[in-house]
Each structure stands twice: as structure tokens, then as C-alpha cells.
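Welcome! Please take a moment to look over the sequence and the 3D view before reading the briefing below.

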Amino acid sequence: MNYSRILILLVLFALLASACAAAPNELVNTPDQDDEIAGFWQGLWHGIISPFAFIVSLFSDNVGIYEVHNNGNWYNFGFMLG
């Protein structure tokens, strides 16, 4: 068996796995430019429209699929339900 191929596959797997690692959101509970913090209901809505928002975000720098100015776990719960 060729050990260099195994090593390359392990390195690629490690890079793929580390790309999926979650990081803390530094903007939790901080208001956006309109002094609003997204909560459960906005998380639910963003979760519902996320497939469409993702497609639009590929072509526009002004559209994201996740609101970073949120209230934390309740927004995440709504997003996952959506």
C-alpha cells in the first residue's frame, strides 16, 4: 500500500474537518446598524429562506444567510427549526 496516498488523504480529511469547526460569535447581543438584535422569530424566518439566501449570497456581497447580531441560543434554535 502506498503510504503517501494515505497521508495525503488524512491531510485532506483533517482540512475538511477543520473547515467545519464552529467558532464563537463575537457579535452576540450587540445591536446592528438599526439598533436591533435578531431573536427567535427572525431566526425561524432566516432558517426558512436560507436555501434561497445562499443562492443569492453567491452573487451578492450584501446578502448573508445568518444574522450575526442575534440573541444567541434562541436565534439559533429558530434558525435550525426553519
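This is a predicted model: local features need pLDDT of at least 70, side-chain atom pairs count only at pLDDT 80 or more; totals for chains, interfaces and linings use all residues.

At 67% relative accessibility, asparagine 73 counts as exposed, because exposed means over 50%.

- Asparagine 73 is 34 residues from glycine 39 in sequence, while their C-alpha atoms are 8.9 Å apart in space.
- Which residues of α3 are buried? They are Tyr75, Gly78 and Phe79.
- These three sit on the same side of α3, because they cover an arc of only 100° around the axis.
- Turned away from that buried side is a face with the exposed residues Asn73, Trp74, Met80 and Leu81.
- Part of the cover over the buried residues of α3 comes from α2.

**How α2 and α3 meet**
- Helix α3 spans residues 73-81, and α2 covers residues 40-57.
- The two helices pack at an angle of about 30°, and their axes are 6 Å apart.
- Where α2 passes α3, the crossing is right-handed.
- On the α2 side, the residues in contact are Phe40, Gln42, Gly43, Leu44, His46, Gly47 and Ser50.
- Their partners in α3 are Trp74, Tyr75, Phe77, Gly78, Phe79 and Leu81.
- Sorted by class, this contact has seven nonpolar residues, six polar ones and no charged ones.

**Helix α1, out in the open**
- Helix α1 runs over residues 3-19.
- Is α1 mostly buried or in the open? None of its 17 residues is buried, so α1 lies largely in the open.

- Most residues other than glycine have a negative phi.
- Asparagine 29 has a positive phi of about 65° although it is not a glycine, and it is found in the loop between α1 and α2.
- Aspartate 35 is also in the loop between α1 and α2, with a positive phi of about 60° despite not being a glycine.
- Is aspartate 35 buried or exposed? Its relative accessibility is 65%, so aspartate 35 counts as exposed.

How values were computed: Residues are numbered from 1 along each chain as its sequence is written. Side-chain values use heavy atoms; hydrogens and water are left out. Helices (H or I, at least four residues) and strands (E, at least two) are DSSP runs, numbered from the N terminus. Buried means under 20% relative accessible area, exposed over 50%, partly exposed in between (1.4 Å probe, protein chains only). Axes are lines fitted to C-alpha atoms, for helices over the stretch in contact, and angles run from 0 to 180 degrees between N-to-C directions. A crossing is left-handed if the near helix is turned anticlockwise from the far one by less than a right angle, and right-handed if clockwise. Contact means heavy atoms within 4.5 Å. Ala, Val, Leu, Ile, Met, Phe, Trp, Tyr, Cys and Pro count as nonpolar, Asp, Glu, Lys and Arg as charged, and the others, Gly among them, as polar. The arc is that of the directions from the helix axis to the C-beta atoms.
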